[in-house]
Amino acid sequence: MTPVLSPSNASQFVSSFYCFSNGSSCFFGIVICGGRYQEQNYAELDGPQPVWSANRDRPVEVNATLKLMGNGDLILEDADGDMVWSTYTGGKSVMGLRFTEFGNLVLFDSNNATVWQSFDRPTDSLLSGQKLVLNSGQKLIARTSSSDFSRGLFSLSVRRGSLFGYVEANPPLVYYKSNLERNQNFLNSEKEYVAFKNGRFNGQTFALGSTAQFMRLELDGHLKVYEWVQSEWKTMADLLTSRFGDCGYPTVCGKYGICSSNGQCGCFAGSSNEVKQISYKQTNLGCSLVTPISCDHSQREGGSDNTSIFLKVPNAPSKHRHPLPPIDFPRKKSTSGRIILGSSLGALFGVCLLVGSCIFVFKMNREPVEPDEFSIDKVLGMPTRFSYNDLKTATNDFRNKLGKGGFGSVFQGTLSDGTEVAVKRIASLSQIKKSFLAEVQTIGTIHHVNLVRLIGFCAENSNRLLVYEYMSNGSLDRWIFKRHQELTLGWESRRKIIADIAKGLAYLHEECRQKIYHLDVKPQNILLDENFEATWLLNG
């Protein structure tokens, strides 16, 4: 560990480069230590635990540098000079950088107001006083492994009135939900949030010790609170488990495993010919396939046709239905009863005939209405269909404009599950029928690492919107034109971007099942993600 900043010798936090033994996987971030930080013996700090990382998805080498630029931008450069990470605060009147005693890295302006802070961008951990805020893009995302800080399977974020835990899938699957604590200290009418503070988190309490604590979303989806006790980090609380038990976690029993009511892992009953336990000592490792899962496998082997296939699916919330009360009909009907019933049916038929005639005449007198080109049978298997109000909320009423393309403007937004998106709002109504449905149907079925993914769309009344994955580093033109010379790319990054561009075009022109010719090749249609991976935006 190589310290960069520390509040004081009395603090347990240090902002530093944190490297693994191989020397090629280093991260800049914030570390919490078991003992008090002492500059003279930082190499012997007790139990250092990284709680925030700037470059969690792209490690750097030992000789990487952190720079506070003259324009107010804080950047991380790898040993070869490539820019790996930035706060993108250039031109925002940044006057300085400080590291607080609570473990918060802050850029501030001449009025001492916060311009950027690490507390607003959590990775997998929360420190005391830190929040998760609705519609801010903030969420905890677990690591891939203990030695790999990149984004893993589990995430935790705030949605309208509730705290949600997700497991990565398409779309993400909910494995945990809890209503937000209705307490003015943690929730207000303007911004819904949940805070880790004073021994509480969303209505759950735990012992507030004499040393610093931190909370971390673990690799397996558990949310645990840790405290330094007697020379080691001890778990003070396992917050989500108290709500649904150990069996509530999707991966608790590994692949093909089933968690029983007593919390034990095993394979489903009567499955000795299909799957077997990987380890009877470590049952959480799951089960392995013995017989391939195939609908016609038994026929190929000459066995019985009565093969059963078990599918493991998440529990769906119960829907309470209110059935109509039963109607008791008498077994014997009198003559008068038959007369009354016949009269009633005749009157009912007359009323229906009258109403139907009125509706028919009304429709005949109206102007012809074109059929809905977005009927449900045409979008089966397509990306998610959003309502206009959903996207209006996600983009904060279309306030954060990213740019303008050929058919409309693009706005930054955050979906209800915390996913950051770019929403293209099509302005030219004359282009809708020619391009919109075709774009949804074509681009929605294309999946390639170097093509921007179409997440969903909106077709409601006259509103036509496309929802793409958000690319934090914007378009390539802002990085290569002279008017943006404060933004630079190293030669290694340039080579990688060129290769990514070529891969995307090659897929469209040669490898895609439906050949697509990209006729608008320009830097504005090449987008860069946070790791400077280049992707093509079709129909920009």
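Burial comes up throughout, so here are the classes: buried means under 20% relative accessible area, exposed means over 50%, and partly exposed lies in between, with a 1.4 Å probe and protein chains only. What you are looking at is a predicted model, in which local features need pLDDT of at least 70, side-chain atom pairs count only at pLDDT 80 or more, and totals for chains, interfaces and linings use all residues. Residues are numbered from 1 along each chain as its sequence is written, and side-chain values use heavy atoms, with hydrogens and water left out.

Disulfides, then. How many disulfides does the structure hold? There are four, a disulfide being a pair of cysteine sulfur atoms within 2.5 Å. Counting bonded cysteines along the protein chain, the pattern reads 1-2, 3-5, 4-6, 7-8.

Take C19 and C26. Their disulfide has an S to S distance of 2.2 Å, and at 115° about the S-S bond it is right-handed. C19 has a relative accessible area of 29%, so it is classed as partly exposed. C26, in contrast, is buried, at 0%.

Next, C247 is joined to C259 by a disulfide, S to S 1.9 Å. This disulfide is left-handed because the torsion about the S-S bond of C247 and C259 is about -70°. The pair links distant parts of the chain, twelve residues apart: C247 is in the loop between helix 1 (241-244) and strand 23 (258-259), and C259 is in strand 23. For these element numbers, helices (H or I, at least four residues) and strands (E, at least two) are DSSP runs, numbered from the N terminus. C247 is partly exposed, at 32% relative accessibility.

C253 and C265 also form a disulfide, with the sulfur atoms 2.1 Å apart. Is that link left-handed or right-handed? It is left-handed, with -80° about the S-S bond. Here too the pair links distant parts of the chain: C253 sits in the loop between helix 1 and strand 23, C265 in strand 24 (residues 265-266), and they are twelve residues apart. Both C253 and C265 are buried.

Two further cysteines are worth a look for burial. C33 is buried, with a relative accessible area of 0%, and C458 is buried at 0% relative accessibility.

Now the nonpolar cores. A nonpolar core is a set of buried Ala, Val, Leu, Ile, Met, Phe, Trp, Tyr and Cys residues joined through side-chain atoms within 4.5 Å. The largest one has 31 residues, and those touching the most other members are Y468, L476, I497, I501 and L528. At least two residues of this core come from each of helix 5 (432-443), strand 31 (454-460), strand 32 (463-469), helix 7, strand 33 (526-528) and strand 34 (534-536). Helix 7 gives the largest share, five residues.

Which residues does I497 touch, leaving aside those up to four places away in sequence? They are L476, L489, L528, F532 and A534, where contact means heavy atoms within 4.5 Å. A second, separate core has 26 residues, among them F13, F17, I32 and W85.

Last, salt bridges. The rule asks for a side-chain nitrogen of Lys or Arg within 4 Å of a carboxyl oxygen of Asp or Glu, and by it the count comes to eight.

One of them pairs E77 with K67, at 3.1 Å from N to O. This pair links distant parts of the chain, with E77 in strand 6 (residues 74-77) and K67 in strand 5 (residues 65-68), ten residues apart. E77 is buried at 14% relative accessibility, whereas K67 is partly exposed at 35%.

K234 and E232 form another, the closest N and O atoms being 4.0 Å apart. K234 is partly exposed, at 32%, and E232 is partly exposed, at 41%.

Back in helix 7 (residues 491-511), K496 and D500 lie four residues apart, about one turn of the helix. Salt bridges that share partners join K496, D500 and E533 into one network. The side chains of K496 and D500 meet at 2.9 Å, N to O. Which class does D500 fall in, buried or exposed? D500 is buried, with a relative accessible area of 2%, while K496 is partly exposed, at 28%.
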